[in-house]
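Today I am looking up how the two chains sit together, starting from one residue.

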Protein chains: 2
Amino acid sequence: MTATIHTLGAGHEPSLNPLLALVAADMNGVNSVILERMQSKVALIPELAGHLIAGGGKRMRPMLTLACANLLGYPGTRHHKLAAAVEFIHTATLLHDDVVDGSGMRRGKRTANLIWGNPASVLVGDFLFSRAFELMVEDGSLKVLRILSHASAVIAEGEVELTAQRQIETDEDQYLNIIQAKTAALFAAACRVAPVVAENSEEAELALESYGKNLGIAFQLTDDVIDYASDTATMGKGVGDDFRDGKMTLPVILAYARGSRSDRDFWRSAISGERTSDADLARAISLVHETHALSETVERARHYGRRAIDALAIFPSSKAKAALVETVEFAIARAY
Amino acid sequence: MTATIHTLGAGHEPSLNPLLALVAADMNGVNSVILERMQSKVALIPELAGHLIAGGGKRMRPMLTLACANLLGYPGTRHHKLAAAVEFIHTATLLHDDVVDGSGMRRGKRTANLIWGNPASVLVGDFLFSRAFELMVEDGSLKVLRILSHASAVIAEGEVELTAQRQIETDEDQYLNIIQAKTAALFAAACRVAPVVAENSEEAELALESYGKNLGIAFQLTDDVIDYASDTATMGKGVGDDFRDGKMTLPVILAYARGSRSDRDFWRSAISGERTSDADLARAISLVHETHALSETVERARHYGRRAIDALAIFPSSKAKAALVETVEFAIARAY
């Protein structure tokens with residue numbers, strides 16, 4: 001009954017504001033935990049971690065934990081530490097990702113590994129990961145620990161197995177496996193933690209896990225689209241980072257599959273790292289448009305967005321539910 | 001009453017055999033867990049992890065967990081998974097260490113990062129770390145989780161803060177802080193886990209933590225001595241790895257402090273990486289001998305060994321206690 005009320009792209013301008021308003025008070029609590037627990041007598045740790053944590057991230061994952069708890073009427077504050085733990089796991093993953101990918105830019109800023117070097121990024125990542133587990137242990141729920149340690153293992157295993165970087169032969173199925181491990185697993189875990197803390201049903205756990213997973217995929221796909229958007233305004237993320245890092249994201253996978261012989265030659269050399277000029281990026285952007293690879297990627301994102309919204313069907317209408325639905329719509333709308 | 005019976009260096013040839021015999025049956029269980037849980041559909045994971053796990057390590061830390069449990073008469077098998085988790089944390093740390101240090105050799109073998117590259121070592125380390133937490137969560141003791149997640153955080157924080165690599169000004173106090181975080185924290189945690197599983201007293205926890213911590217320091221100091229030993233026989237570890245990696249270990253710290261002006265010039269250029277030839281190593285070896293830096297480092301190790309043995313004073317005599325004492329004696333005797 002509700003999935004049809006909020007139809008995607010129904011005309012209004014979806015935003016994150018309902019989500020932000022819903023979780024604002026709780027988010028102060030989470031931010032306190034984050035700031036307190038990223039401290040260390042070792043000055044480099046908060047400095048380096050803060051570069052990423054304070055550096056333009058939306059804190060989507062902790063907001064989702066908070067919003068899902070709100071959806072279930074959970075009145076406590078236990079989830080503040082857990083939401084902070086989720087953000088620490090996410091940050092640790094980003095730090096190690098940038099080392100592994102040799103990335104130089106993230107969200108339009110220089111990456112930590114470029115500023116402080118790979119060794120510092122590896123070690124501060126390890127520190128945040130350990131801190132995340134300390135926070136979970138303090139909370140004391142083995143079920144939460146199971147959910148988040150499993151998500152961490154999925155992320156790590158996925159990263160070893162699956163790289164789309166510099167791999168022109170990556171296809172859509174492989175790419176979906178990659179983003180399920182890389183992005184969707186932690187979104188799903190962040191949401192599933194809420195019903196555990198709220199001592200809600202197994203059904204609620206599965207529903208919110210599904211919501212998070214599908215939202216995560218939708219977010220990642222629209223992120224991929226934004227990287228080929230023609231202006232750099234959106235979300236503070238630089239355009240062309242994925243292109244210059246040689247990442248086979250869905251827009252490229254589709255453009256490559258649909259491309260002419262010369263288009264495909266271009267993509268091969270671009271993904272292998274031989275074409276990184278502004279003119280090359282401009283050509284890539286026009287190719288993903290011409291082949292409708294961008295709009296098709298948005299369609300795929302829309303599909304996962306619908307599934308995310310449908311997963312919420314079992315919950316009665318509420319401000320929290322409306323905010324979670326609009327978050328999906330926002331995720332998709334970013335791509336326009 | 002017992003610390004005086006087994007005096008260090010009392011004439012007999014101390015060995016690891018009593019420890020190995022004591023834990024042999026349990027160690028089969030631990031090895032099964034290790035082999036099973038380092039598997040993955042991703043072939044690179046067991047391949048890379050196995051290079052280190054099967055590659056000449058003594059599995060000291062899991063053996064200590066088993067021996068301490070035996071000391072307390074624990075009859076179960078819960079600690080098998082935990083001992084495996086400790087070994088995974090250790091292995092993950094080694095993988096990341098070698099990336100951070102840019103090391104090329106460990107235990108006389110090429111390091112994983114040299115064979116498979118830094119990215120793979122970072123990611124497989126993350127995977128093993130996540131698996132370690134999954135194993136602990138399966139066991140279900142929050143107290144164990146607290147001990148091991150705290151040890152992990154100490155290790156990570158210590159690694160960020162403290163590096164003796166290429167730092168000629170490192171002094172003995174700083175170096176002790178480094179090895180307490182790098183080595184002793186996990187030895188201590190591996191031992192402390194046993195009384196928790198055995199549901200023994202807080203007193204036993206503190207005593208075994210102290211045993212592990214001091215043994216860990218003694219082990220590290222004798223490892224440092226072995227790296228300047230004049231032959232490559234001992235423990236399968238290559239001689240000169242630390243020297244070539246520019247590590248300020250205690251033998252170098254003492255030799256540098258005691259050295260003549262030209263000795264000190266030599267150490268400065270060696271630690272900064274300008275002297276890595278066999279002739280340079282030979283000179284380093286003769287300097288640590290001439291200045292008695294090696295024998296003094298063994299004396300320091302002996303001090304921590306005595307403290308480890310004294311920490312066992314509260315436990316009645318048993319085969320397990322004798323094995324734990326002889327393990328300390330063995331740690332020291334390796335340096336001769």
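Predicted model: local features only at pLDDT ≥ 70, side-chain atom pairs only at ≥ 80, totals over all residues.

I began at Asp126(A) and listed its contacts (heavy atoms within 4.5 Å). Leaving out residues up to four places away in sequence, Asp126(A) touches His96(A), plus His96(B), Asp126(B) and Ala156(B). Asp126(A) sits in helix H6 of chain A, residues 118-139; helices here are DSSP runs of H or I with at least four residues, numbered from the N terminus. Buried or exposed, I wondered about Asp126(A)? Asp126(A) is buried, at a relative accessible area of 15%; buried means under 20%, exposed over 50%, partly exposed in between, using a 1.4 Å probe and protein chains only.

Residues are numbered from 1 along each chain as its sequence is written, chains are lettered from A in the order in which they are written, and side-chain values use heavy atoms, without hydrogens and water.

Next I checked how the copies relate. The same surface serves both copies, with 100% of chain B's contact residues recurring in chain A.

Then the interface itself. I find 31 residues from chain B and 31 residues from chain A in the contact. About 3100 Å² is buried between the chains, 73% of it from carbon and sulfur atoms; that is accessible area (1.4 Å probe) lost on putting the two parts together, summed over both. Leu123(B), Glu157(B) and Val160(B) supply 20% of the area chain B buries against chain A, more than any other three residues.

How many salt bridges cross the interface of chain B and chain A? The rule (side-chain nitrogen of Lys or Arg within 4 Å of a carboxyl oxygen of Asp or Glu) finds 0. On the chain B side, helices H2 (44-53), H4 (78-101), H6 (118-139) and H7 (142-161) each give two or more residues. H7(B) gives the most, with 12 residues.

His292(A) has a positive phi of about 60° although it is not a glycine. His292(A) is in the loop between helices H13 (278-290) and H14 (293-311) of chain A.
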